[in-house]
Amino acid sequence: MSAGIEALNVYGGAAFLDVRELCDHRGLDKPRFENLLMHEKTVALPYEDPISFAVNAAAPLITDAVRPTIEMVITCTESGIDFGKSASTYIQDLLRLPKNCRLFEIKQACYSGTAGLQMAINFVLSGTSPGARALVIATDISRFALADAAEIQEWAYSEPSSGAGAVAVLVSDTPQVFAIDPGAYGNHAFEVMDTCRPGPDTEAGDADLSLMAYLDCCEQAFKDYARRVEGADFRTSFGYLCFHTPFGGMVKGAHRHLMRKLFKTSPADIDADFNLRVGPGLTYGQRVGNTAGASTLLALASTIDCADLPSPQRVGLFSYGSGCCSEFFSGVITPQSRQLLQTMNIGNSLQQRYRLSMPEYELLLRENGALRFGTRDAKLNHQVIPAAWSACQNSQRLVLDEIAGYHRQYRWV
Amino acid sequence: MDSDSILEIITTTIHSIVPDLSDTPITASDTMSQLGLDSVERQEVVILTLEAIGLEIPLVQLRGPRTIGDLAMLLHAKRKG
């Protein structure tokens, strides 16, 4: 039996910021900025939350034929809006999904999307409900209520890379976008305090420790994969590689580390291999920033849309979530994958985002006070940046309208 | 190999990764952040130094040191086991 992703879509938000402009504004001295491979980052507007992002990603996947067959909705996020009620309950309602559905939310930092995908694939492979589909949505936004300069300073290490985005995938026994290699996976996990979200609107972390853990996991998760998969070779088994992408420079460092450690590859050959097999998967990430739980699936979407794909190709994927848990797994994409994904117009949607100026961005950081975690009642001010709101009109996009007694109300614009 | 030799390897590695610093003297009390190395460059220095001294340990065991001298001493201690 085959299983995997039948359909996929990305939602990259309604507004973005130029990252170099942000670094200059913050006075961050980055003499070799180009090596970090960061260009833009999506910024969630105050009336966009993880649920509106998720629904906007998933809506184009839910056709009338598909809707009645969805039996599970897994939301994968580290930006949840409630400790008890899962985001899947809102998503089921907003997408008019069947009532006979399993609804839940899972968390393990940026690893969540892979955890959700594997749960859904194993549900399909189990054969307990033939023909059933699962909707998996990885959705994360970085939104921090910054009250003063000290808080901005604490966030400084990750502010340039922190983005927002959602990837929705329909998992079934008709994997025409990405067919998983069943049983081909490797894990590496251990307790480490590298990056965390210890409060509702705060993030803390140690950039060096996080990078160390990421690199250790990349090597060990692949070795666990190779232990399970006879003949697996990091250089030759995969036409393309998709890595969790905090920022492109980190992925480049991890690829370099593995190629040197496993094969003692020369720097020139490492660079050529990076551009060929890893580069296509970074394109979308360089436009939306770190999308946390959605990041590995975003790299897959980027590879399908941007890589040279004349014939079926095996893709190796590496997912890492701070704290930490990681996985290396694989599957196959085909020219048909691209045909299907291109109907989603992902690149075009990113192009249509509103470009924020620095004063507008700073206004949003302050405006976020209205949407702190646990807000009981709020009427969202859609006019906070009038031009951004105008750009949203007639885009068939879901936005948050108000919160009444903790209950979030949305509307389509 | 004593920690001074490891310090020398670290210094040479920094100069090879960031040629812009070739005219900048580096001392044990410097931190790589102060020298302008970003997080990816800092890890690259650590990885290449580990290779050069033939030490294979999880990178997370090397968290903590602030200065290059501290890093050299930690690597020396790890190498001795």
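Angles between helices are taken between lines fitted to C-alpha atoms, over the stretch in contact, and run from 0 to 180 degrees between N-to-C directions. In this predicted model, helix α2 (residues 39-53) of chain B and α3(B) pack at an angle of about 40 degrees, with their axes 12 Å apart. Chain A contributes an open sheet of 9 strands with mixed pairing, and the two chains bury about 1,800 Å² between them.

- The strands of the open sheet in chain A follow the order β5-β4-β6-β7-β1-β8-β13-β12-β11, and their pairing is mixed.
- At the edges stand β5 (102-106) and β11 (240-243) of chain A, each of which has a single partner strand, so one side of each is left without a neighbour in the sheet.
- Averaged over the sheet and with direction ignored, neighbouring strands are turned by 25 degrees against each other.
- Helix α6 (residues 207-228) of chain A lies across β8 (178-189), β11, β12 (313-321) and β13 (325-333) of chain A, and the helix runs at about 125 degrees to β8(A).

**Helix packing within chain B**

- The crossing of α1(B) past α3(B) is right-handed, and the residues in contact are B:S3, B:I6, B:L7, B:I10 and B:I14 on the α1(B) side, with B:I68, B:G69, B:L71, B:A72, B:M73, B:L75 and B:H76 on the α3(B) side.
- Sorted by class, the residues in the contact of α1(B) with α3(B) are 9 nonpolar and 3 polar, with no charged residues.
- For α2(B) and α3(B), whose packing angle is about 40 degrees, the arrangement is therefore also described as oblique, and α2(B) passes α3(B) in a right-handed crossing.
- On the α2(B) side of that contact are B:V46, B:T49, B:L50 and B:I53, which meet B:L71, B:L75 and B:R79 in α3(B); by class these comprise 5 nonpolar, 1 polar and 1 charged residues.

**The contact between chains A and B**

- The contact draws 22 residues from chain A and 20 residues from chain B, and of the roughly 1,800 Å² buried between the chains, 55% lies on carbon and sulfur atoms.
- On the chain A side, A:R32, A:M212 and A:R260 lose the most area to chain B, and together they account for 34% of what that side buries.
- Across the contact, α6(A) and α2(B) pack at an angle of about 55 degrees, with their axes 10 Å apart; the two helices are therefore oblique to each other, and their crossing is right-handed.
- In this helix pair, A:A207, A:D208, A:L211, A:M212 and A:L215 of α6(A) meet B:S39, B:V40, B:R42, B:Q43 and B:I47 of α2(B), a contact that has 6 nonpolar, 2 polar and 2 charged residues.

Conventions
Residues numbered from 1 in each chain as written. Chains lettered and ligands numbered in written order. Predicted model: local features only at pLDDT ≥ 70, side-chain atom pairs only at ≥ 80, totals over all residues. Heavy atoms only, no water. Pairing = 2+ DSSP bridges. Helix = DSSP H or I, 4+ residues; strand = E, 2+ residues; numbered from the N terminus. Contact = heavy atoms within 4.5 Å. Left-handed = near helix turned anticlockwise from the far one by under 90°. Nonpolar A, V, L, I, M, F, W, Y, C, P; charged D, E, K, R; others polar. Parallel < 35°, antiparallel > 145°, perpendicular 65-115°, else oblique. Buried area = accessible area lost by both parts, 1.4 Å probe.
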